[in-house]
Amino acid sequence: MKKDDQKVRNIGISAHIDSGKTTLTERILFYTKRIHAIHDVKGKDGVGATMDSMELEKERGITIASAATFCEWQEHEINIIDTPGHVDFTVEVERSLRVLDGAVLVLCAVGGVQSQSITVDLQMKRYNVPCIAFINKCDRSGADPDRVITQLKSKLGHNAVAMQIPIGLEMDLMGVVDLVAMKAIYFDGENGENERIESIPEALMPEATAKREKLIDAASMFSDELTEVILEEQEISEDLLVDAIRRGTISRKITPVFVGSAYKNKGVQPLLDAITRLLPCPSEVKNEALDMGNNENPVILPSDPEKPAVALAFKLEDGAYGQLTYIRVYQGTIARGSTIINARSGKKVKVGRVVRMHADQMEDIDAIPAGYIGALFGIECASGDTFVSPGINLTMTSMFVPEPVISLAIVPEDNKSQINMSKALGRFTKEDPTFKTFVDDETKETIIEGMGELHLEVYVERMRREYGAVVTTGNPRVAYRETITRRAEFDYIHKKQTGGAGQYGRVAGHIEPTAEGDFIFENRITGGAIPTQFIAACEKGFKSCLAKGPKMEFPVTGVKVTINDGAFHSVDSSEMAFQAAARGAFLQGYAKAKPVIHEPIMKVVVETPTEFQGAVMGLLNQRRGMILGAQDEGPMCVIEAQVPLAEMFGFSTVLRSSSQGQAQFTMEFALYKLVPQSIAEEVAENVAKQKKSAA
Amino acid sequence: MSNLRLLRSTGLSQPLSLFKKTTRIINLKDRNFDMLKKDIFLKNPLSLLVHNIDDIVSEGGFGAVLSRAGVGKTAFLVQLALNNMLRSKNVLHISLSDSVDKVGLRYRELFQDLAKQYDIEQTNELWETMLPYRFIMTFKVDGFSVPRLEERLTDITKQGIFHPRMIVIDGLHFDESVRQPLADLKALAVEHSLHVWFSVHTHRHEEHSPNDMPTPLSDVADLFDIALQLQPEGKEIHIKTLKGMPETSDYPALSLDPSTMLIKDKN
């Protein structure tokens, strides 16, 4: 394995669904000789594209999970993370974006910049991923690369400059003109594998010259040397120009645009050249880790293979030989036989097999140095875990995991589904820390919990597709909570002294609201009114009331219980008696403390073209949303609001239909807030109904 | 303090008549917050200023706060807005330089400092009850125009989402061409019966014009009912009246505390 990190590219290929991303990846693998035949995504041969390893992806022709694959081009090693193109899988996309150093934004020459490209582009902006654009499908009727470049500028705000122009369009697409070398490139052979370089056709010369001028003009912003050469009217060398464009690309100030058609095998090799020439190598990218010993303050990781290792497990896969963990090493080296520590659990792990992946096939290697992507075998971990050398206390992702806000009951249809379902759930909970599952004691239903409606839907779908577990789902339930609003006294005697062993315990004190935690217990008993050995039983008794609140059986939070008096009986008092007394005391105090219900409020951020701003605000307002602000960003506008989760069901459909499919939204948990009186009554009714149907 | 002033400061327009029939249900918790808000408002030295401002700046009126960069124009405007929010008046904050998040944070921090000054504990809950009174809009400087603002304003008022009583415009360039947009804004403000506050950036080298107004404002001073200047002197930032405020004895001299940017009574 080579160790020159200057010649490594970790890239992603991001795009709108159906813009031909998987086909492009397939061609890249073919030209880099990783595969020896081409299978189309929706091909008749039934093999499917090599990157789509999951069943579901093959069937739908979309890519869900990001498989990492590796190939070589012009002595450069390219790791391709195939990112999902569908909007509902953004957790996956964001996780893979962390691992990338650069990206190819694939756009359809007919469809142009579509809503998904906008989302993906925003994510890339967030993680500061430099990108180059590839306008695919130039062979389709209605293809217009110039319009797409204009859209790149107007809709995404990119400083897009053409690096190539197509020779012919639609049916007549023959090749491309390289505006840097000023040469025409044609693609011969059955699969376009032979590049033929010729001079530019006469007819295209004026357009090529004009566009080259523009390119040079844009590039001169990033190189004084180039500006000098231009001013002195000297010949501009290819290297000088490429170097300037590279600088602009890495700082995300320029987006070079390439054209072609992956399906017709045109323009893929020049794109590969561009990946190696324009996108950054791992050491050119600033990677940050969080120092757990220092309040999660960011630390910059030098991409140095000699330093202690820091690596991120960004994807897990269940293979034929057990769990395969994809990792990206940011610093140091992870070698076979070395010992690493999982920063989340603190567990020591010995590295067994180290492999390099190519979709479904693998190749054994000795070590993964800084800047590289590889996979480990037989490592117990969850997706998003950080591995470090012993002695370092860094993590790549924040340890903060939000509590789930929505739950769904699932029931397997048959015995086989039952077994598969538990397998699937075990896997999903490992992959995604925000996804949780448990069995409800009362209804014996399996409950899955997550961060939103779509989040859970995706997992139910994956269960069916990947694991063959057919489940029926109940209605999604919002995780309401109960709390109290005022201080109340309690004084409760638990007494059963009629026949058999007696029980006696008295507990007195008060409960009050607190913002400091979910439950605080304070013991202020003096003079042994309750003997010390029973205090723990009291606490346990109070705690046991929290899981199901007395008001509507939602979990109780934000309660402080103080006990300051009590009584016991020398024979009849027991731990059990005090637990029962505490439960009674809690119910007594709780009823007097004005209990209320709280609901999860989500921070909803909608990105929409400005013309739909009014409509979107209306939608949010109808859903009891409070709009915090609207940010005008040229053609797009970002609206930020707080909306109760209970009102967000079906929002994506409504949003799409009222914005012609162009608005996108993200949603994350913000806080718990008091449910308004009228809504609280509705909730109470629903709870009563559910209870009835469960009984 | 005169009787009238007392009445006004308690939010009542006429003496409270006991046994007056009322059907309004008061939530105890909300009343608690209402009292807290009133408390902060009354204790706050800015409240006196705000009352004066209410008298001076009429519907459709303009106010300006001037200073050099970094002295505290935004902090002053945010406190003015907070004082309106405390009195349940809707504030639309328009920033031409910062993001929504940043503006939001500014409010949050100043409110927390303000509440801390008066030893108020439930700041989080209190803040939640105040949030509905604020709406932030941000524009890129060159993307801002009065027709555009009007469009946005119609969006939110027509659908009953938000009806501002006061607009804060932070970051507008006061150059030679500012007169027309200001006149348009004035018409807009009259139409929506609200008043508008601006931050005006002044420069050290600029000389005062004959009417004693700093250059950026001198040509358009007639449109403004009130103009205040923040002037750093030593360790203090004085709030000096350029236009509109009567220099009476019951009106305290105010200054800005440079460490917290909170407005305080000089005495």
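**Figure 1. A four-stranded open sheet in chain A of the predicted model.** In this predicted model, chain A contains an open sheet of 4 strands whose order is E7-E8-E9-E10, and the pairing within it is antiparallel. Strand E7 (164-167) and strand E10 (194-198) of chain A are at the edges and each has a single partner strand, so one side of each is left without a neighbour in the sheet. From one strand to the next, the twist averages 30°. The pairing of strand E9 (residues 183-188) of chain A with E10(A) is antiparallel and consists of 5 bridges, and within this pair Ile185(A) has Ile197(A) of E10(A) as its bridge partner.

**Figure 2. The contact between chain A and chain B.** Where the two chains meet, 17 residues of chain A and 20 residues of chain B take part in the contact. On the side of chain B that touches chain A, at least two residues each come from helix H5 (100-117), helix H6 (123-130), strand E3 (134-138) and helix H7 (146-158) of chain B. The element that gives the most to this side is E3(B), with 4 residues. Sorted by class, the residues of chain B that form this side are 9 nonpolar, 6 polar and 5 charged.

**Figure 3. Helix H1 of chain A and the residue just after it.** Helix H1 (residues 21-31) of chain A is mostly covered, with 11 of its 11 residues buried. Among the buried residues of H1(A) are the charged residues Lys21(A), Glu26(A) and Arg27(A), together with Leu24(A), Ile28(A), Leu29(A) and Phe30(A). Just after H1(A), Lys33(A) takes a positive phi of about 65°.

**Figure 4. Packing of helices H12 and H13 in chain A.** Two packed helices are described by the angle between their axes and the distance between the axes. For helix H12 (residues 532-544) and helix H13 (residues 575-592) of chain A, the axes come within 7 Å and cross at roughly 45°. H12(A) and H13(A) are therefore oblique to each other, and the crossing in which H12(A) passes H13(A) is right-handed. The residues making this contact include Phe534(A), Ala537(A), Cys538(A) and Phe542(A) of H12(A), and Phe578(A), Ala581(A), Ala582(A) and Phe586(A) of H13(A). By class, the contact of H12(A) with H13(A) is made up of 9 nonpolar, 3 polar and 3 charged residues.

**Figure 5. Two loop glutamates of chain A with positive phi.** Glu233(A), although not a glycine, has a positive phi of about 55°, and this residue lies in the loop between helix H7 (224-231) and helix H8 (238-250) of chain A. Glu233(A) is exposed, with 7 other C-beta atoms within 10 Å. Glu553(A), also a residue other than glycine, has a positive phi near 65°, and is found in the loop between H12 and strand E34 (559-567) of chain A. Glu553(A) is partly exposed, with 15 other C-beta atoms within 10 Å.

**Figure 6. The surroundings of Leu217 in chain B.** Leu217(B) lies in helix H9 (residues 215-218) of chain B, and counts as buried, with 23 C-beta neighbours inside 10 Å. Leaving aside residues up to four places away in sequence, Leu217(B) touches Ala64(B), Leu66(B), Phe174(B), Val200(B) and Ala227(B). His201(B) is 16 residues from Leu217(B) along the chain, and the C-alpha atoms of these two residues are separated by 9.5 Å.

Terms used
Residues are numbered from 1 along each chain as its sequence is written. Chains are lettered from A and ligands numbered from 1 in the order in which they are written. This is a predicted model: local features need pLDDT of at least 70, side-chain atom pairs count only at pLDDT 80 or more; totals for chains, interfaces and linings use all residues. Two residues are in contact if their C-beta atoms, placed from the backbone, lie within 7 Å. A residue is buried if 20 or more other C-beta atoms lie within 10 Å of its own, exposed if 12 or fewer, and partly exposed in between; C-beta atoms are placed from the backbone. Axes are lines fitted to C-alpha atoms, for helices over the stretch in contact, and angles run from 0 to 180 degrees between N-to-C directions. Angles under 35 degrees count as roughly parallel, over 145 as roughly antiparallel, 65 to 115 as roughly perpendicular and the rest as oblique. A crossing is left-handed if the near helix is turned anticlockwise from the far one by less than a right angle, and right-handed if clockwise. Two strands pair if DSSP finds at least two bridges between them.
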